[in-house]
Amino acid sequence: MNISQQILALDARYNAYRAPNNPQFRTLYIRRRSQLLRENAKKEKVDPTCRRQYLYIRKQLLSKRYSPSESSQLSSLKQGSNQSLFGFQTSFDSLHIDPTDTSHGHSPNRPSHRRYHSSGSFKFLPPPDKVESPPRGVVPTKKAEASRKMAGNTTLGENYAFAGMYHIFDQHLSAGVTAIKFANDDKYRLACSSSDCTLSVCRLMPSPPSVICTLRGHTATVSDFDWSVTNDFILSASLDGSACVWNPTSGACLSTVNDNHSCGMVACRFQPSNNNMFMTGNQKGHISVFNTSTGKGVKGGTGKVASGVCSMEFDSSGMVLWVGDEKAKGSIYSFCFDIATGRLHKSKRIAVSEGCPVTSLSYRSWISREARDPMLLVNVSADCLQLYRVTDDMGGLKLKLSFPIAHRTHNIRSCFCPLMSFRQGACVVTGSEDMAVYFFDVERSEKPCVNKLLGHSAPVLDVCWNYDESLLASCDTEGTVIVWKREQPKYV
């Protein structure tokens with residue numbers, strides 16, 4: 001980790017105390033600090049010894065300035081609670097760097113290449129009685145030994161260490177970013193939806209990253225969107241009661257469908273096996289199937305849940321659709337989808353948490369190469385992230401694990417880590433209302449939090465990976481999008 005990243009980590013460490021009643025200022029401050037550090041890093045002949053001396057003095061000054069407000073937090077840190085900031089281990093004492101000390105594995109003129117990660121400080125939340133018992137562990141066989149060596153024999157915590165911020169987008173700074181997604185099989189194209197009634201498409205490479213297209217046409221919050229399989233189209237759902245299909249290159253709106261029940265559309269998905277059909281869900285609990293080419297509803301392609309739709313997700317085959325509803329029931333409904341005709345048939349209702357919206361659903365057929373049970377990752381506004389095992393081809397679910405996060409009022413989303421490996425364990429990532437991004441090992445019963453990223457100054461609503469896990473994006477209620485660069489594992 002270079003000195004510039006340590007300085008930025010230190011600034012963000014104290015940022016919450018800098019202006020407690022002005023979160024927008026905190027966001028602008030850390031963004032400006034990041035910009036200045038990047039600009040200075042480009043200058044030639046920067047003396048690393050001088051920078052270490054600066055870091056040492058700045059740490060002492062910030063400690064004295066904000067120590068009264070941090071007393072309770074520092075005491076908890078000294079009891080063994082290590083937080084991770086930008087993927088770096090950031091217990092208070094770990095930021096104490098003696099500028100004359102060269103015992104950290106590097107010389108004064110050579111940057112360190114150590115990995116920094118956190119083992120997490122959360123206690124495991126015991127799941128309800130209906131949790132599957134005993135949990136089915138991921139235990140690599142002897143045949144996986146060669147593959148584990150190719151992967152570097154790293155732990156999950158080491159594998160999900162981060163090298164800092166890659167870029168910060170603020171084109172939606174006047175409003176919250178409701179969802180973010182990388183294009184399918186694309187490392188550098190990212191789309192965002194916002195409560196400012198627009199969507200934006202961003203390009204991360206070639207440098208510098210930029211917004212290449214803004215999709216305008218909705219008149220209310222864009223609550224959800226989806227990429228088509230080939231990335232030729234973007235589908236969006238808005239609280240203005242419309243769903244639009246866009247050209248993500250030109251920004252042109254290709255077609256618009258309006259809700260027939262005079263209420264806002266909350267969720268939308270392309271049919272994964274046939275992108276000529278897409279689904280929408282509205283605030284009154286109605287689900288509709290539309291033809292992408294004609295914009296007309298499909299005969300028999302309707303469904304209904306007990307309260308407003310809050311989230312939707314297909315399995316990989318497109319034959320099962322799950323729908324999460326709002327506060328009235330706090331349930332997940334499964335529907336069987338006929339790909340040939342577009343008809344929907346309600347299958348099952350799974351009670352999750354009475355009176356708590358199911359804000360996010362994410363499906364994965366395998367979570368690792370030796371854990372081949374299909375899984376559904378669920379965010380519930382009852383301060384928990386839940387992992388369900390899919391039990392049958394009708395969409396039946398059984399709770400496997402539950403993880404504690406801060407989640408009560410916002411539509412928090414999560415995702416699986418896309419790469420499969422023979423490492424022990426598998427990881428999921430989620431936003432949280434405490435302004436952090438959490439990484440959980442779904443096979444660890446003790447201290448499942450393997451990393452925690454801090455940098456947002458508002459609740460984190462959504463997270464997403466690019467396909468090779470080199471970049472992670474997260475967004476918050478203030479409209480800030482942070483793209484994090486994962487530290488690449490060293491292969492042996």
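1. Which residue takes a positive phi in the hairpin of strand 13 and strand 14? In this predicted model, Gly285 does so, with phi near 90°, in a hairpin that has three residues between the strands.

2. The burial of strand 13 deserves a look residue by residue. In a regular strand the side chains alternate between the two faces of the sheet. In strand 13 (residues 277-282), six of six residues are buried, and both faces are covered, with Met277, Met279 and Gly281 on one side and Phe278, Thr280 and Asn282 on the other.

3. The largest pocket has a volume of about 1,300 Å³ and is lined by 42 residues, of which Asn184, Asp226, Glu313, Ser362 and Tyr363 lie nearest its centre. Elements that give two or more residues to this lining include strand 4 (177-182), strand 8 (222-227), strand 12 and strand 16 (309-314), while strand 20 gives the most, with six residues. By residue class, the lining divides into 20 nonpolar, twelve polar and ten charged residues.

4. On the cysteines, a search of the whole structure finds zero disulfides. Cys475 is in no disulfide, since the nearest cysteine sulfur, that of Cys192, is 7.1 Å away, whereas a disulfide needs the two sulfur atoms within 2.5 Å. Cys475 counts as buried because its relative accessible area is 0%, and Cys263 is likewise buried, because its relative accessible area of 12% falls under the 20% limit.

5. The loop between strand 29 (471-476) and strand 30 (481-486) holds Thr477, which is partly exposed, with a relative accessible area of 26%. Leaving aside residues up to four places away in sequence, Thr477 touches Ala175, Gly176, His410, Ala458, Pro459 and Leu461. Thr477 and His456 are 21 residues apart in sequence, and their C-alpha atoms are 9.5 Å apart in space.

6. Positive phi values in residues other than glycine are found at Lys447, near 45°, and at Glu469, near 65°. Lys447 is placed in the loop between strand 26 (436-441) and strand 27 (449-454), and Glu469 in the loop between strand 28 and strand 29. Are these two residues buried or exposed, or partly exposed? Lys447 counts as partly exposed because its relative accessibility is 47%, whereas Glu469 counts as buried because its relative accessibility is 1%.

How values were computed. Residues numbered from 1 in each chain as written. Predicted model: local features only at pLDDT ≥ 70, side-chain atom pairs only at ≥ 80, totals over all residues. Heavy atoms only, no water. Buried < 20%, exposed > 50% of the residue type's maximum accessible area, 1.4 Å probe, protein only. Helix = DSSP H or I, 4+ residues; strand = E, 2+ residues; numbered from the N terminus. Pairing = 2+ DSSP bridges. 1 Å grid on protein atoms, 1.4 Å probe; cavity = no way out; pocket = protein on both sides within 12 Å on 5 of 7 lines; lining within 4 Å. Points joined across faces, edges and corners; volume = space filled by probe spheres on them. Nonpolar A, V, L, I, M, F, W, Y, C, P; charged D, E, K, R; others polar. Contact = heavy atoms within 4.5 Å.
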